[in-house]
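User: Please take one local part of this model and look at it closely, then carry the account on to the wider picture. I would like one connected answer.

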Amino acid sequence: MTDPIIHLEDVWFSFNGTPALEGVSLDIYERDFLGIIGPNGGGKTTLLKLILGLLAPDRGMIRIMGEPPERHRTDIGYVPQYRTFDFGYPISVIEVVLMGRLGHIHSPFRKYSLEDRKIAEECLAMMDIADIADRQVDQLSGGQQQKVILARALATEPRVLLLDEPTNQVDVRTEVHFFEILRQLHEDMAIVLVTHDIGAVSVYVDRIACLNRRLFVHDSGEITEDVLAETYQCPVELIAHGVPHRVLKEHDREESP
Amino acid sequence: MIDILQFAFFQHALVAGVLISVACGIIGAYVVVKKIALISGGISHSAFGGIGLGYLFGFDPILGALVFSLASALAIGVASRKGGEHEDTLIATMWATGMALGILFVSLAPGYAPDLFTYLFGNILFIPESDLLLMLALDLLIIGVVYLFYNELLAVTFDEEFASIMNIPVQRISLLLLCLTALTVVMLIRAVGVILVIALLTLPAAIGRQHSTRLLRIMGIAIVLGILFTFAGMWLSYLLSVPSGASIILISAACYAASTLYVRRKHHRTGSPIR
């Protein structure tokens, strides 16, 4: 097998002494479609931030293409869960998407080339939002905003796409459309999808990992009750009617915040 | 009105009004969209410590203001990033400490402090020609830096996390913006004084923000409004024999209030979003 694009080995992380991740090891390969599920507070977002070098592990090793995250993180497309910015900021859709090119400009003052603009426009077209390129971002619907964020991630021409609960803010119809887009993108890049929407994961992903401080990787996309019970550490019911599926769990202990 | 235009001091004041408004419009737009008005207030008040030091040791107080405002900009930039203290507590401390140091130094300085009131509340009608050159130089510096780092500043003020992933030096760009803010504050002290700076820095850009969704256009609107407000303030000051700094600020605030009411009404009629 070829070398993994992303490699984590025995990674530990804690927030002010509260453990968030314990001994996490994970390899992500070219053409992977990995789903990561787990309860809230299980460390999913923390794991993605560690991969991106936004947080430093207490111990363990994280490599992107064999080197520390800072060097190649510009080749990762990141779709954050929470809006890390203010949608009221005076900025147009195309300006947001162009920011995905900044990591690939190495001149001292980062100015966009015609090539950068072409790539950004292609990403808008791919997301079917070319017609709103000049709109201000706070004039868009939730689904359109999510497409803008995905287009920005694609503008980095990523080898891996990291998505953190990408369909949290959108309606079911948009969600189905969104996963269809991901399925197409998977032909060109690896995808890591963090979600608590187990229904979506089981339909689209090749491999699944369950994260609750510790990470368990399963080499098939199928979710069994055993897998879930192991992750959530408590009885889990799979609700099998209607979309989206949700895991309802009984709490047998206090969840860490 | 026509008569006073012949006086050199008034011509200087008009040129100063334009030069100040350029810096103020550009940097004010960032201050408003990045919501760092309070940091700017902290920077301007701590500059008073440097003004006092100038009186004490007999050098140009504006030089002292320059050093103190840059130092406080860097201090708050580094400290707020490290996370430790609450940022608002830190700003408040810097704000008051700067003023306290200023008063202390002035009281220790020999004799009587002649233009102290000018540094506190500004007087655009008493700007020497040499200061105009300094203002022009600062304007060119601000325009140059913002032009060169426009995309970096946009990325960092819009989304720091994504800017980090794009390997933009977020900390350095944030500090650069704070230093530009400090330089602008020093320019504005001449016109409106340390206490009123925060209003002239934010109000023209805040009005621009209400009427445009493009950063560059907000800057343009803020520059034009800044010029109008300073000119109107000077005219009112001449007409009624009242302090120019206070007139400029009160006119700005009145226009901001009017603009806010107008935008709200429009929102009621059309349902367009309020920014």
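Analyst: Strands are DSSP runs of E with at least two residues, helices are runs of H or I with at least four, and both are numbered from the N terminus; two strands pair if DSSP finds at least two bridges between them. The model is predicted, with local features needing pLDDT of at least 70 and side-chain atom pairs 80 or more, whereas totals for chains, interfaces and linings use all residues. Residues count from 1 along each chain as written, and chains are lettered from A, ligands numbered from 1, in written order.

In chain A, strands β8 (residues 207-212) and β9 (residues 214-218) run antiparallel and are joined by five bridges. Ile208(A) stands opposite His218(A) of β9(A), while one residue lies between the strands of this hairpin, where Arg213(A) takes a positive phi near 65°.

Chain A also meets chain B through a contact (C-beta atoms, placed from the backbone, within 7 Å) that takes 21 residues from chain A and 23 residues from chain B. On the chain B side, the elements giving two or more residues are α7 (150-158), α8 (160-165) and α10 (215-240). By class, that side holds twelve nonpolar, five polar and six charged residues, where Asp, Glu, Lys and Arg count as charged, Ala, Val, Leu, Ile, Met, Phe, Trp, Tyr, Cys and Pro as nonpolar, and the others, Gly among them, as polar.

Chain B itself has eleven helices and zero strands, and its C-alpha trace spans about 55 × 45 × 30 Å along its principal axes. Among its contacts with a separation of 6 or more, 73% join residues 24 or more positions apart.

Methods:
Contact = placed C-beta atoms within 7 Å.
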